[in-house]
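Please look through the sequence and the model shown here before reading the report that follows.

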Amino acid sequence: MTARYDDIVVGSGMGGLSAALLLGMIGRKVLLLEKAPRIGGCMQSFQRRGVTFDVGFHFTGGLAAGGLLDQAFRLFGVRDALCPEFTQSRSASRLVFKSDGRVYDLPAGEAAYRSGCKHYLPEEARAIDHYFEMVHCVCDHSPGMAFDRLDTFGHGLAEDFISLRDVLDGLSDNVRLKTLLSAYGLCYGVRPSQISFANHARITLGLYESLARIDRGGQAIVEAFCQQLEQYDVEIRCNTHIEELADVSRERANRFVLNSGDELEAERCIFTIHPEEIMKLLPAQRVSKAFRNRVNAYEPSIGFFTVYACSQPCADLSLNGAVIELLCTDDDLEKSFDADSSSDRTLMLLHHSDNGRQIMNVSEIAFREDVAAWQHSSIGRRPSGYYDYKMKKTDAIRARILERYPACRASLEIMESASMLTYRDYLSTPYGAVYGVKQKIGQFSLFGKLPVRNLYAAGQSAGLPGVLGVIMTSVLVVRGIIGPPAFAALVKERL
Ligand SMILES: Cc1cc2nc3c(=O)[nH]c(=O)nc-3n(C[C@H](O)[C@H](O)[C@H](O)COP(=O)(O)OP(=O)(O)OC[C@H]3O[C@@H](n4cnc5c(N)ncnc54)[C@H](O)[C@@H]3O)c2cc1C
């Protein structure tokens with residue numbers, strides 16, 4: 001007998017967990033499918049020699065009381081299960097420039113961040129104020145930035161059609177200032193000349209306002225969601241994906257054939273996976289050439305080569321809460337996004353302490369081309385050249401950590417490293433890019449209804465990356481499915 005669901009949600013990262021839970025909360029019969037053996041996608045963590053490392057969730061904005069993520073977690077009923085750790089550090093964000101060794105420490109909190117910029121560049125005070133006013137203006141007028149303003153997820157502001165680079169060029173000639181103000185670009189992986197100012201603002205305002213880790217990281221979030229999913233009877237199947245959409249008309253896919261051989265019926269299916277993977281399932285005759293060209297034109301965001309390390313606390317590593325540190329190899333951040341940039345690329349160090357140890361997640365910007373030679377290999381079956389590449393990269397990054405923090409030399413331990421191929425194969429995403437599809441200015445991402453009308457797209461490649469961006473894509477898609485009044489009732493009941 002064919003099992004029947006109201007909704008199938010594909011992919012169990014933050015996007016899939018959010019969509020499945022919201023649909024479960026309004027009483028729909030939901031099935032969540034995950035290709036990997038474990039749920040969580042980027043929210044997973046792993047352990048090496050007793051130390052837990054997060055994969056794709058280290059810090060977030062929006063968690064201060066009343067912030068957008070705080071509200072989203074309350075809506076999902078998971079907020080009380082999560083313990084945010086807000087950074088109070090004077091160096092919540094630190095930029096270090098290779099050219100002159102100068103260090104810029106910028107505190108958390110928008111006013112403090114703004115003052116920090118002015119402290120270093122007093123002659124740029126007007127430009128700095130103007131920048132932050134523009135960031136606010138965009139967020140105040142953007143749908144999807146508040147639960148009482150979800151009307152459309154439009155890209156309709158003038159700032160949606162002007163790049164971050166152009167805005168900064170209009171504000172100042174000071175290259176250093178421009179890099180300070182675009183530094184959070186590493187949190188969405190698009191160069192300043194390619195991201196719209198509006199999307200930059202939407203992602204960064206929360207980060208300026210407050211910066212927090214969550215105790216036990218992504219694992220804590222996944223566990224909290226799992227408890228709720230169980231409460232609302234959402235069924236989860238791991239190691240499972242849709243192999244074929246059968247019996248498809250323009251209006252509906254009527255049957256969903258799984259890799260297990262099971263066939264399901266569902267009213268709707270929401271994909272929170274990479275657009276390329278969605279395209280593989282859509283029957284060719286249901287997809288116009290224009291639509292296919294649009295999806296084929298998407299580019300991957302930057303990738304990371306990551307080294308997972310830990311050390312004993314040391315004198316020159318005095319930290320307090322989450323700290324993001326950028327070691328900029330180029331004065332102009334735009335250049336850090338060039339695939340052919342020098343062998344040492346800009347490095348992002350994420351620090352936190354755990355049980356008296358300093359945990360470091362150190363990522364260098366990476367590109368598909370770096371690992372192209374081994375792209376046809378899979379986990380555990382890589383050619384030896386790949387292992388040489390990984391070892392050389394790891395050694396080089398270790399040397400850069402020690403150059404910055406020499407006092408850690410005696411206790412620094414490198415526990416693991418990950419290339420774009422590691423990310424690709426563990427996270428089931430086509431190229432191992434950190435944030436899926438690059439959200440380029442003027443681009444229409446695959447978001448909401450697909451050409452087969454009971455299929456939808458959400459997740460990081462549909463809208464904005466990061467835990468908050470991804471949750472909001474699912475909120476907006478589910479709201480579109482159940483209708484604004486029903487969604488408003490849910491929000492009223494829970495917030
Ligand atoms: C290294 C790294 C560091 C990051 N750091 C941060 C951070 O500090 N803060 C922050 O807010 N964000 C961070 N991000 C970004 C954030 O993790 C992502 O934007 C977000 O988690 C993506 O969620 P998602 O649901 O769209 O996709 P994913 O988390 O990728 O989930 C997609 C899921 O779908 C599954 N899947 C794929 N194909 C199929 C299929 N055919 N059928 C079924 N299942 C399938 C995958 O296995 C995966 O579980 C980071 C990301 C990375 C990679």
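## The ligand shell

In this predicted model, helix H1 (14-25), helix H13 (420-427) and helix H14 (466-482) each supply at least two residues of the shell around the ligand, where helices (H or I, at least four residues) are DSSP runs numbered from the N terminus. The ligand is surrounded by 37 residues, and the closest are Gly11, Gly13, Gly15, Gly41 and Gly56; a residue counts as near if its C-beta atom, placed from the backbone, lies within 6 Å.

Residues are numbered from 1 along each chain as its sequence is written. Because the model is predicted, local features need pLDDT of at least 70 and side-chain atom pairs count only at pLDDT 80 or more, while totals for chains, interfaces and linings use all residues.

## Domains

The domain assignment, which is automatic or from a database, gives domain 1 (3-44 + 215-298 + 436-494), domain 2 (88-210) and domain 3 (302-317 + 324-434). Domain 1 and domain 3 both give residues to the shell around the ligand, so the ligand lies between them.

## Two crossing helices

The axes of helix H4 (residues 125-141) and helix H7 (residues 197-209) come within 9 Å and cross at roughly 90°, the axes being lines fitted to C-alpha atoms over the stretch in contact, with angles from 0 to 180 degrees between N-to-C directions. H4 and H7 are therefore roughly perpendicular to each other, a term for angles of 65 to 115 degrees.

Note on methods. Angles under 35 degrees count as roughly parallel, over 145 as roughly antiparallel, 65 to 115 as roughly perpendicular and the rest as oblique.
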